[in-house]
2 protein chains.
Amino acid sequence: MPERSVSIATKPPPDDDRIAPVRSVLSEEEGIDFTVIELLFFAYRDFTSDPDQILAQYGFGRAHHRVVHFVNRRPGLTVAELLDVLKITKQSLARVLKQLIDTGHIVQVQGPRDRRQRELYPTAKGRALSLALAAPQSRRIARALEGSDFADRAAVERFLKNMVDPELRAQIGKTPRTDAGAGGANGDGVEENRGEG
Amino acid sequence: MPERSVSIATKPPPDDDRIAPVRSVLSEEEGIDFTVIELLFFAYRDFTSDPDQILAQYGFGRAHHRVVHFVNRRPGLTVAELLDVLKITKQSLARVLKQLIDTGHIVQVQGPRDRRQRELYPTAKGRALSLALAAPQSRRIARALEGSDFADRAAVERFLKNMVDPELRAQIGKTPRTDAGAGGANGDGVEENRGEG
DNA sequence: AGATATATGTCAATAAGACTGACATAATTT
DNA sequence: AAATTATGTCAGTCTTATTGACATATATCT
């Protein structure tokens, strides 16, 4: 056997120095904030695990979750706007969106001014799904903020917001174009048809 | 009044009521913390975009990043331990790990006590890659914490730590078994919760 | 010693979710 | 009429993950 006990690699060792194992721990000394880097990794891993379990029951994945979420948060957004927020391609969205439409979670409405556009709206079913997915995440957040005062919460929100690329920060919390804000937006989400013959 | 132009769906409408578009905005009124939910989504999306660009140059993906990171943070961990941290299967890890070994970023060392085990160590090259990947993330975090005092940072860390499933919280900040390095960092995954009911 | 269990590696098949490229259609704009 | 825009769709590829089955070396138990 040409191998020593150190290397079990099947590739021929190019140079023993180059494949020498580094046994020291990579720690914060290098001026890198590994603490927060890892905290973000673990926090997000578990944050997404909540809705994942619910989605699995529907045969959906995270892609469906993102679409359902933003359509509910910004009802009436167009396909192009959704692609921009999600930063995926049209073809990637297609399959997911089609499934959500076929299952009656989302409907498309022809744009009132530009009839080429498809405004996306949740149905009652889609609204319910969105709430069901968000509920455990919100509960997890509430638990994580237990014992936090107002300043603590503000610090967390400021940190997260500042983590976003400045030029993309505009997307955050942007309620729909029709920003009716609180007060019930459209009042009630009842149908509103346009005749077209 | 039967709707006409409202639905462009190709599927036969099962019931007009069921596919009626909901036009109201899904907002915090429902007692759900959509603000932080979306902040986490956007923050993590951009947080991972930094290393993604570097990885692309190597033909690597996020899976490689996670492996390189934890092998550097806990040099000498075994394959089984790595699988446990990443929460993926052996088969999923196999290809990624093989690539990292073949490219000389990681080496395997036979376990000193149990020779079935393979302890994973970075090479100098792997250490360098790990630092290169972490650097922009650390810079982003530092920028996001600019103007934050000690209490603010503590609030952020506490929030993130509490977002992790309690039973998995032990993995956090856990330095390697062999505490060769100075450590500092988080020490070990001690839970700190603000004394509150 | 022999049997069993463990740690790891590997082959094969599958799936979700993303990608690119190419092309079609309808509607708006020029 | 021509060009542009918004959307849809087909076809193929890639990465990362999955499960199942099986091989090998080593450790441990009886």
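**Close-up 1. Surface near DNA strand C.** α2(A) gives the most to the surface near DNA strand C, with four residues. This is a predicted model: local features need pLDDT of at least 70, side-chain atom pairs count only at pLDDT 80 or more, and totals for chains, interfaces and linings use all residues. Residues are numbered from 1 along each chain as its sequence is written, chains are lettered from A and ligands numbered from 1 in the order in which they are written, and side-chain values use heavy atoms, leaving out hydrogens and water. Helices (H or I, at least four residues) and strands (E, at least two) are DSSP runs, numbered from the N terminus. In total, 25 residues surround DNA strand C; near means a heavy atom within 4 Å. The closest are A:Gly61, A:Arg66, B:Lys90, B:Gln108 and B:Arg116. Sugar and phosphate make up 57% of the atoms of DNA strand C within 4 Å of the protein. By class, the surface holds five nonpolar, nine polar and eleven charged residues. Ala, Val, Leu, Ile, Met, Phe, Trp, Tyr, Cys and Pro count as nonpolar, Asp, Glu, Lys and Arg as charged, and the others, Gly among them, as polar.

**Close-up 2. Atom pairs at DNA strand C.** A polar side-chain atom of A:Arg66 lies 2.3 Å from a phosphate oxygen of DNA strand C. For B:Ala80, a polar backbone atom is 2.9 Å from a phosphate oxygen of DNA strand C.

**Close-up 3. Surface near DNA strand D.** Here 24 residues surround DNA strand D, the closest being A:Lys90, A:Gln108, A:Arg116, B:Arg66 and B:Ser92. α2(B) gives the most to this surface, with four residues. A backbone N or O atom of A:Ala80 lies 2.9 Å from a phosphate oxygen of DNA strand D. A polar backbone atom of B:Thr89 is 2.8 Å from a phosphate oxygen of DNA strand D.

**Close-up 4. Helices α1(A) and α2(B).** The axes of α1 (residues 34–58) of chain A and α2 (residues 62–73) of chain B come within 13 Å and cross at roughly 130°. Axes are lines fitted to C-alpha atoms, for helices over the stretch in contact, and angles run from 0 to 180 degrees between N-to-C directions. Contact (heavy atoms within 4.5 Å) involves A:Phe34, A:Ile37, A:Glu38, A:Phe41 and A:Phe42 of α1(A) and B:Arg66, B:His69, B:Phe70 and B:Arg73 of α2(B).

Key
A polar contact is a pair of N or O atoms within 3.5 Å; within protein, one must be able to donate a hydrogen and the other to accept it, and residues adjacent in sequence count only if both atoms are side-chain atoms.
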